[in-house]
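Welcome! Let's take a friendly walk through one protein model, stopping at a few places along the chain.

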Amino acid sequence: MRRGVLVRLVAVGLAAAAVTSAVAFFVPWLPTPASKQADRIDFVFWFVTGISIAIFALVAAVILYSVVRFRARPDDDSDGAPIHGNTTLEIAWTAVPAVLVTAIAVVSAVALAQNEHLPKNHLQVNVSAEQFAWTFSYPKYKGLTVSQLRLPIGETVQMKMHSKDVIHSFWVPEFGQKQDLVPGIETKLVITPKRLGTYPIACTELCGEGHALMRSEAIVMKPAAFTAWVKAQEKAAASAAQGPAGGGAGLAAFNSNGCSACHTYKPAGSTATTGPDLDNLAADARRAGQPLVPFVRKSIVDPNAYIEKGYQPNIMPDTFKSLPKQQLDALVQFLTAGKK
Ligand code: CUA
C-alpha cells in the first residue's frame, strides 16, 4: 500500500474514532454506580464500547476512503480490475474478531461470576412484590418489614424475591442489575452498596394499570445509622404492641401487606401518596355516607366499591379479600381506633 493511502486511511479512522468517542464519553449514558456489581457491569460495558469504537473507525475509514477514491468518473464505462482474494486479509479479518469475541466472553463471564458471588457474612432481605407495591423484610431483625429498602454501605446483601400475583421486576438503575419476581418461584439478587444516597426503585415489567406507580426508594446508609434505624423501628413496633391502636398486630399487618408503600398514615409513620391519606378516613367515610368501621373494612376487601375523589379505580390490589380474618380485624382496628 502506498504511504499516502495509509496516511489518509488513518486520518479518516482517527476522525471517526474521535466523533464516536465523544458521543460515548460526553453523553451521560449510565447513572453513577452505587454498587460493586454496577462497577463490574460498567467495566464490561466500556470494554465492549472501546472495541466497538475501534472496529467502527476501521470500517468507516475504509468505506469513506473507497467511496471517494474509487468512485466512477463521468463517462467511465470500464470494468473494475479482476481481483481474486487476499489470503493475508482474510486470515486477519477472521482471527481478529475471533480474539475480540473471546475476550468479551471471558470478561463478561468473570464479571458475572463475581457479581453472583455471595460471601458467608451477608445480610438477607426478603423482597415481596404485588400489584402495585414493594415490601422489604429483614429476617435477621425479627422480620422487620418496611416499604422503603434500607441497606448499610459496604455489606453484601442477598435479596430473596417473591411475587404475590403477576411478574414484576426489581430495578435500581444505580445498582446496575434487574431481577424478575415470578409467582411460584424464588429469584435472587446480590447487591453490595458502595455509595451513600437515596436511589429510585422501579418496577420494570409491565404488571398492570398501576405499573408506573410501582416505585419505592433504596437508601444506602452508614452502618451506625442503619443499626440506629433498625433499633428505632423495633422500638416503635414494641411500643405500638402495647398501644391502644389495634396493637402491634395492626401495625404489622399494615406494613407486611404493603399498605405503607402507597398510603400516608401517621400512626404507621408512612408518607406515600399513591393512594388516599388514611389519616382522613373519618372524613372519607362521611363523604361516602357510611359508618367508619364498615367503610374501612369494605375499602380493604373491595377497593373499587368507593373511590375517593382524585384517585383512580383498579390501582389498589383486590387481593386483600383473602387476608386472614384476624389480620383484617387488626388492620381495621388500627385504621379506625380513636376516630369517629
Ligand atoms: Cu410491578 Cu410493573
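## A partly exposed asparagine

Asn314 is partly exposed, because its relative accessible area is 39%; buried means under 20% relative accessible area, exposed over 50%, and partly exposed in between, using a 1.4 Å probe and protein chains only. Asn314 sits in the loop between helix 8 (292-301) and helix 9 (325-336). Its phi is near 65°, a positive value in a residue other than glycine. Helices here are DSSP runs of H or I with at least four residues, strands are runs of E with at least two, and both are numbered from the N terminus.

## About the model

This is a predicted model, where local features need pLDDT of at least 70, side-chain atom pairs count only at pLDDT 80 or more, and totals for chains, interfaces and linings use all residues. Residues are numbered from 1 along each chain as its sequence is written, and side-chain values use heavy atoms, leaving out hydrogens and water.

The predictor's confidence in each residue is its pLDDT, from 0 to 100. The protein chain averages 88, and 97% of the residues score at least 70. Among the elements of the chain, strand 6 has the highest mean pLDDT (97) and helix 5 (residues 247-256) the lowest (76).

## Two helices side by side

How do helix 2 and helix 3 cross? The axes of helix 2 (residues 36-69) and helix 3 (residues 87-116) come within 9 Å, with a crossing angle of roughly 170°. Axes are lines fitted to C-alpha atoms, for helices over the stretch in contact, and angles run from 0 to 180 degrees between N-to-C directions. The two helices are therefore roughly antiparallel; angles over 145 degrees get that name, those under 35 are roughly parallel, 65 to 115 roughly perpendicular and the rest oblique.

Contact means heavy atoms within 4.5 Å. Residues of helix 2 including Phe43, Phe47 and Ile51 take part in the meeting with helix 3, where the partners include Leu100, Ile104 and Val107.

## Stops in the loops

Is Gln177 buried or exposed? Gln177 counts as buried, because its relative accessibility is 12%. It lies in the loop between strand 6 (168-171) and strand 7 (178-181). Leaving aside neighbours within four places in sequence, its contacts include Gln37, Ile41 and Asn115.

Lys142, in the loop between strand 2 and strand 3 (144-146), is exposed, with a relative accessible area of 73%. Lys142 has a positive phi of about 50° although it is not a glycine.
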